[in-house]
Amino acid sequence: MTALLDVEGLSKNFGGLQVSAGITLALHAGERCALIGPNGAGKTTFVNLVTGVLEPCAGTIRLAGETITRLPAEARVRRGLIRSFQVARLFRSMTVREHLELAVLEREGHTHRLFASVGRVPGLADEVAGLLDGMGLTAVAGTAVGRLAYGQQRLLEIALALALKPKVLILDEPAAGVPHAESHRILDALERLPPDLAVLMIEHDMDLVFRFARRIVVLAQGRLLCSGTAREIAADPRVREVYLGSRADVQPH
Ligand SMILES: Nc1ncnc2c1ncn2[C@@H]1O[C@H](COP(=O)(O)OP(=O)(O)OP(=O)(O)O)[C@@H](O)[C@H]1O
């Protein structure tokens, strides 16, 4: 089976510092994978390379068989490589529903007089209702984004990413700022993601990582250290060693 995302030998240097060193990673339809590693391991750099924010020094990135290594970020988004983005960058006075309407309209190419298009796109209301329902946001559909709790903001970020019809979804810290006791709400929503979607999660909350991911890939100093199930990763002495001295606790559940 062709991998939906196929990264081979991806490398990046910042001056003399090698932050991605020949990373090879394949993600198939339906995968639930997490990329972990201590602070400064190169996780964000890897995501920036894959999504087209940064240009690699070497390596290849393929999406559903097509080489996208040098494509601009927007072209990757149009092909279905989507990273969840930060609500903090959006319009705080606009409602949850309006944000989702905008995302669907933009996907459909209605970039001019956006809100005038709302009534003219068949299926828009149903699609938005489905996204709200899927992420458990129906009750706050009419709430301004600036008034959402952190957990709801994170769920909206995921819904916005889904509105773009991803093949590959990169979840960049989906529990950032969410109180630990509430991260199960994020997990509940993630368990309702479309089954065929390939998901790569970057997350510091190990509880969430171990519960969500069927495969965990560990990065250290820009290199892939190992990959395996939650149990394998938690039992691997190399993983404990790279996390030593960091706050993260590597324990499965
Ligand atoms: N634009 C840049 N110029 C120079 N060095 C950079 C740049 N971006 C990142 N780095 C360095 O690259 C290394 C990897 O950083 P990166 O942010 O990718 O790690 P990370 O695993 O995402 O860390 P964290 O978990 O703290 O977010 C770090 O040493 C960082 O200081």
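Visitor: How many residues of domain 1 are in contact with domain 2?
Guide: The model is predicted. Contact here requires C-beta atoms, placed from the backbone, within 7 Å. On the domain 2 side 12 residues take part, and on the domain 1 side the number is 15.

Visitor: Which element gives the largest share of the side of domain 1 that touches domain 2?
Guide: Two elements give two or more residues to that side, strand 7 (168–172) and helix 6 (183–190). The largest share is 3 residues, and the element that supplies them is helix 6.

Visitor: How many residues on the side of domain 1 that touches domain 2 are nonpolar?
Guide: That side also holds 2 polar and 3 charged residues. The nonpolar count is 10.

Visitor: What distance separates the centres of domain 1 and domain 2?
Guide: The domain assignment gives domain 1 as 1–80 + 166–253 and domain 2 as 90–165. Taken over C-alpha atoms, the centres of these domains are separated by 26 Å.

Visitor: Which element gives the most to the shell around the ligand?
Guide: The residues surrounding the ligand include F14, L17, V19, K43, T44 and T45. Strand 2 (17–27) and helix 1 (43–51) each supply at least two residues of the shell. The top contribution is 3 residues, and it comes from helix 1.

Visitor: How many residues of the shell around the ligand are polar?
Guide: G37, N39, G40 and G42 are among the residues around the ligand, and Gly is classed as polar. The shell also has 4 nonpolar residues and 1 charged residue, while the polar count is 6.

How values were computed: Residues are numbered from 1 along each chain as its sequence is written. This is a predicted model: local features need pLDDT of at least 70, side-chain atom pairs count only at pLDDT 80 or more; totals for chains, interfaces and linings use all residues. A residue is near a molecule or strand if its C-beta atom, placed from the backbone, lies within 6 Å of it. Helices (H or I, at least four residues) and strands (E, at least two) are DSSP runs, numbered from the N terminus. Domain bounds come from an automatic or database domain assignment. Two residues are in contact if their C-beta atoms, placed from the backbone, lie within 7 Å.
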